[in-house]
Amino acid sequence: MISLESLSEKLKKEKEVAIFCHIRPDGDTLGSALALSLALKNLGIGVQVVCDDVVPSRFFFLNSVKVVKNTLEKEFSAFLAIDCADTTRLGSFYEEFIKHKNTYSIDHHVSNTRYAKINYVFDSASNCENVLSLIETMGVNIDKEMANLLLMGIMTDTGNFRHKNVTSQTLLSASKLVSLGADLNTIHYHMFTKQSKERAKLFGLTMSKIRYFLDGKFGVATVRQQDLVESGAKQDETEGFIDFLMGVDGLEVGACVLEMSTNKYKISFRSKGTDVNAVASVFGGGGHVLASGCQIQGEYEEIIDKICYAVKQNIVE
């Protein structure tokens, strides 16, 4: 793997860089991509941030988030994937990325497949911590907007500092960003408190139907298409549902199952000790030891049986 210093020097020599966020963008991919884009622009480098999916409006409280495009507008000397464990996370940009001669990946997932020509993968709680270190190594001063973007990513990928992935370095990074002008209270409100009436209804529908398996050690919360219709909420408003599930006493592993379309499900796993990256990898997914995800196609009850069996094979007794 390339060192942070070498990565910094290489990026500073680029002329035009396209930065790719992952599909179904979250605070970490957006925060790290946009903060790095501002740093590169500060160095006189042309940058465009793109994503194959529409950015949820809940992130628009930070103005720079609104610049994310869904098409490439010109030629670029380099492609840079950020917070993407593998090329499937690039969506429709997959083929363009792998064909480009000069590609970078900056990521924090242990399941990263090292698909780029140049890979910097460091297992931090959030990718924004990696980007913070990179920007500092590049010698760019971090302004208030960068600080807000980076703190948003750290807070969202740590569940507002509640997950086991939080380290002393995570807290030091957050403290530094607050000292540089990041507004922790505003980020907390928009990311963890503010919600629509529709989301509140969907939350109630979902949590009233939690199912428990493996003597109560494995819990599943399912968002069905009919629940989305009944509540009027959108698929991207399910962020954070898994965190509530993990608060159930006695639960070791939780899964939030989102019905994307007929017989197609997105599954997010969390655990208190079990390696759910191993569980997700059974189905072609991955992520972190305590937080991973995958997509599975098939009948609902068959999928529940499959993930239950996979969890049983890996669960910490």
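**Histidine 190 and its neighbours**

I started at histidine 190, which touches Arg58 and Phe61 once I leave out residues up to four places away in sequence. A reminder to myself: this is a predicted model. I looked up where histidine 190 sits, and the place is helix α7, residues 184–193. Buried or exposed, I wondered, for histidine 190? Its relative accessibility is 18%, and the cut-off for buried is under 20%, so histidine 190 counts as buried.

**The five-stranded sheet**

Next I traced an open sheet of five strands, and I read the order as β2-β1-β3-β4-β5, with parallel pairing. Its edge strands are β2 (46–50) and β5, each pairing on one side only. From one strand to the next I get an average twist of 15°.

I then checked two of the pairings. Strand β1 (residues 16–20) pairs with β2 in the parallel sense, over five bridges. Which residue in β2 is the bridge partner of valine 17? I found valine 47 there. Helix α2 (residues 27–42) packs on this sheet, where it touches β1, β2, β3 (78–82) and β4. The direction of α2 makes about 170° with that of β2.

At the other end, β4 (residues 103–107) and β5 run parallel and are joined by four bridges. Looking across from isoleucine 106, I see tyrosine 120 in β5 standing opposite. I also went along strand β5 (residues 118–121) to see which way its residues point: Ile118 and Tyr120 go one way, Asn119 and Val121 go the other, and all are buried.

**Helix α2 against helix α4**

I came back to α2 for its helix partner. α2 and α4 (residues 127–138) pack at about 10°, with their axes 9 Å apart. Angles under 35 degrees count as roughly parallel, so that is the label for α2 and α4. On the α2 side I listed Asp28, Gly31, Ser32, Ala35, Leu36, Ala39 and Leu40. On the α4 side I listed Asn127, Cys128, Val131, Leu134, Ile135 and Met138. Sorted by class, this contact has nine nonpolar, three polar and one charged residues.

**Helix α5 against helix α6**

Another helix pair I looked up is α5 (residues 144–157) with α6 (residues 168–179). They pack at an angle of about 150°, and their axes are 9 Å apart. Over 145 degrees counts as roughly antiparallel, so I noted α5 and α6 that way. I logged the crossing of α5 past α6 as left-handed. From α5, Ala147, Leu150, Leu151 and Ile154 meet Thr170, Ser173, Ala174, Leu177 and Val178 of α6. I sorted this contact too: seven nonpolar, two polar and no charged residues.

**Methionine 207**

I found methionine 207 in helix α8, residues 197–207. Its relative accessible area is 12%, so methionine 207 goes down as buried. What is it in contact with, leaving aside neighbours within four places in sequence? I found Ala221, Phe241 and Phe244 in contact with methionine 207. For phenylalanine 241 I also looked up the spacing: 34 residues from methionine 207 in sequence, and 8.4 Å from it in space, C-alpha to C-alpha.

**The six-stranded sheet**

Then I moved to an open sheet of six strands, in the order β6-β7-β8-β9-β11-β10, with mixed pairing. The strands at its edges are β6 (211–213) and β10 (286–287), and each pairs on one side only. Helix α12 (residues 300–314) packs on this sheet and touches β6, β7, β8, β9 (264–271) and β11 (291–297). I put the direction of α12 at about 25° to that of β9.

Inside this sheet, strands β7 (residues 218–223) and β8 (residues 253–261) run parallel and are joined by six bridges. One such pair I noted is glycine 219 with its bridge partner in β8, glycine 254.

**Two positive phi angles**

Last, I looked at backbone angles. Most residues other than glycine have a negative phi. Arginine 114 is not a glycine, yet I read a positive phi of about 55°. It lies in the loop between β4 and β5, and its relative accessibility of 43% makes arginine 114 partly exposed.

Asparagine 263 also went on my list, with a positive phi of about 60° although it is not a glycine. I placed asparagine 263 in the loop between β8 and β9. With a relative accessible area of 29%, asparagine 263 is partly exposed.

Key: Residues numbered from 1 in each chain as written. Predicted model: local features only at pLDDT ≥ 70, side-chain atom pairs only at ≥ 80, totals over all residues. Heavy atoms only, no water. Pairing = 2+ DSSP bridges. Contact = heavy atoms within 4.5 Å. Axes fitted to C-alpha atoms, helices over the stretch in contact; angles between N-to-C directions. Buried < 20%, exposed > 50% of the residue type's maximum accessible area, 1.4 Å probe, protein only. Parallel < 35°, antiparallel > 145°, perpendicular 65-115°, else oblique. Left-handed = near helix turned anticlockwise from the far one by under 90°. Nonpolar A, V, L, I, M, F, W, Y, C, P; charged D, E, K, R; others polar.
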